[in-house]
Amino acid sequence: MKRLFKINILLVFLFLYIPILVVVVFSFNSGDQISVWEGFSLAWYAKLFKNPDVWRACKNSLIIAGVATFISTVIGTAAALAIEKYRFRIRTALTRALYLPLIIPDIVLAIALLTFYVQVKFPRGLTSVILAHVVFNIAYVTIVVRARLEGYDDTIEEAALDLGANQWQTFWRITFPLIAPGIIGGALLAFTLSIDDFVITFFTAGVGYTTLSVYIYSSLKFGLTPELNAISTMLLVNSIVLILLFLWFRGRNTQTS
Amino acid sequence: MHRNYRLLILLSPVILWLLCFFFVPLISVLTYSFVERGTSGGIEWNFTLENYQRLFDGLYLGILWRSVSTAFVCTAICLLVGYPFAYYLACYRPKWRNALLLLVVVPFWINFLIRTYAWILILRTEGLLNSFLTFLIPGFQPLELLNTPLAVQIGLVYGYLPFMILPLYAALEQLDLSLIDAAKDLGASPRHAFWHITLPLSLPGILAGSMLVFIPTVGAFLTPDILGGGKVSFIGNVIERQFKTALDYPFGSALSFMLMAIVLVGTVLYFRALQGSES
């Protein structure tokens, strides 16, 4: 019985990781076929770095993810603080409403924003995408920061206030350093989701505002080249770096609490 | 600072944002779904129910059925594969438990587009699976796997399996193992103990995992688009076509609203079932 369980675990991991491994391996292929091995080469990476479209897409992705992460981290942290530290009338309703963008299918959220932008004649460009990304990012930041605030000891703040610190000083000297690992964790998660998002970006971006995900999608649709494997591997490395950062902050999270 | 004043500062940004960029847009889709289509992507402000009547066309009912049934099969497969996985991790507590759990979470951080694309490399006619089988079996004829319902099904299970495993693990981990020991001491067979104790107690995890898999798969757009190659359409793909090629915004809005209704009804049923299982 135990052996069957172990075989199941092994199969699940093979299933989860073989496809990812395949992409990485074939990004070093010298041939121009996406899945027929012809020999080791870095040619597709060289080509990737010389492609101005990729750089432009990369820049757009970073701008969108950076700004959306900043806005959603501020708003999400404020919401988490209010929900965890106060009891107020609309608390339950707000918590539910906050998580609603995660429950409805992303294509519905994308369409809703698109029709809204069309209706109010809001120009579609980078700003329209950023505003849209903040909607789902707020929810993730709030979840991560709330987790950090759980079991938070209010008496330290009271002590600071008793000792003569004002509200503002108490927040920046006491509250903020204590919840900082949660805020950074939430921001990293928001940044990753923003970089990876395709559906919402695809519908809310204007023509000519291509992000990396949208670039990958168009290459998928109009001609598969091994360049795709190389871009994918670069994004994969990026994700792994972000995971390691997230874990490192989470490790600090548990040490200090 | 007054308490209410502080609350106002903390809460007004999130409330304003949700109102402007979530609830108002939802109302915008709703109004679009009740008006007539204009020329080249425009609309005519005349009230009509035609967009909803079109949903009952055989073509769209077929696509709706495909989305729902594929999502259902996907949920069932994830449950059958994920349950023993989570059970082993939670109840046998192997040494590498945390590392194994982390490895389940990692794919969540990797671009969904890339994870789906990877299956093209494996499933295409000249892809790795066919090469492997040709190498293994002499005279093997390569299979047409890509752009089939099977490819979409595989892609969906691949994309959402971690969403099933994590809540199952969370539920099973909280399980009091002494209850199972007690049942066995009282003469229950391991199978009996599983069906009467472990399974009912892990029901909240089963429900949560099923919801987390079912909801995104029923609204899936990318997986059927990439691995179905336009031949295996889901509701999500029909919606995309209304906005990107057919430029029939009102009908696309009606489809979106129906999809959202399905998901919200599913969510409400989930919470009902959860309350039922806890009482």
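In the predicted model, the count of salt bridges between chain B and chain A is one. This salt bridge is formed by Lys221(A) and Asp225(B), whose closest N and O atoms are 3.1 Å apart. Polar contacts across the interface of chain B and chain A amount to 17 residue pairs, with both residues of each pair at pLDDT 80 or more.

On the side of chain B that touches chain A, the elements giving two or more residues are helix H1 (3–32), helix H3 (58–92), helix H4 (97–109), helix H5 (112–123), helix H7 (149–173), H11, helix H12 (235–244) and helix H13 (249–278) of chain B. Of these, H1(B) gives the most, with 21 residues. When the residues on this side of chain B are sorted by class, 61 are nonpolar, nine are polar and seven are charged.

In total, the contact draws 77 residues from chain B and 79 residues from chain A. The two chains bury about 7,400 Å² between them, and 80% of this area lies on carbon and sulfur atoms. Trp17(B), Trp109(B) and Tyr117(B) together supply 12% of the area that chain B buries against chain A, which is more than any other three residues supply.

Over all chains, a search of the whole structure finds nine salt bridges. One of them lies within chain A, where the side chains of Glu84(A) and Arg146(A) meet at 2.8 Å, N to O. Because Glu84(A) lies in helix H3 (residues 52–85) of chain A and Arg146(A) in helix H6 (residues 126–149) of chain A, this pair ties together parts that are 62 residues apart in sequence.

Chain B also contains a pair of strands, in which strand S1 (residues 35–37) and strand S2 (residues 43–47) run antiparallel and are joined by three bridges. Within this pairing, Arg37(B) stands opposite Ile43(B) of S2(B). S1(B) and S2(B) form a hairpin with five residues between them, and Ser40(B), which lies in the turn, has a positive phi of about 35 degrees.

As to confidence, the model scores ipTM 0.88 and pTM 0.89, while chain B has a mean pLDDT of 89, with 99% of its residues reaching 70 or more. Among the elements of chain B, the lowest mean pLDDT, 83, belongs to helix H8 (residues 177–185), whereas the highest, 94, belongs to helix H11 (residues 222–227), one of the elements that give two or more residues to the side of chain B that touches chain A.

Definitions and conventions. Residues are numbered from 1 along each chain as its sequence is written. Chains are lettered from A and ligands numbered from 1 in the order in which they are written. Side-chain values use heavy atoms; hydrogens and water are left out. pLDDT is the predictor's confidence in each residue, from 0 to 100. Helices (H or I, at least four residues) and strands (E, at least two) are DSSP runs, numbered from the N terminus. Contact means heavy atoms within 4.5 Å. Buried area is the accessible area (1.4 Å probe) that two parts lose on being put together, summed over both. A salt bridge is a side-chain nitrogen of Lys or Arg within 4 Å of a carboxyl oxygen of Asp or Glu. A polar contact is a pair of N or O atoms within 3.5 Å; within protein, one must be able to donate a hydrogen and the other to accept it, and residues adjacent in sequence count only if both atoms are side-chain atoms. Ala, Val, Leu, Ile, Met, Phe, Trp, Tyr, Cys and Pro count as nonpolar, Asp, Glu, Lys and Arg as charged, and the others, Gly among them, as polar. Two strands pair if DSSP finds at least two bridges between them.
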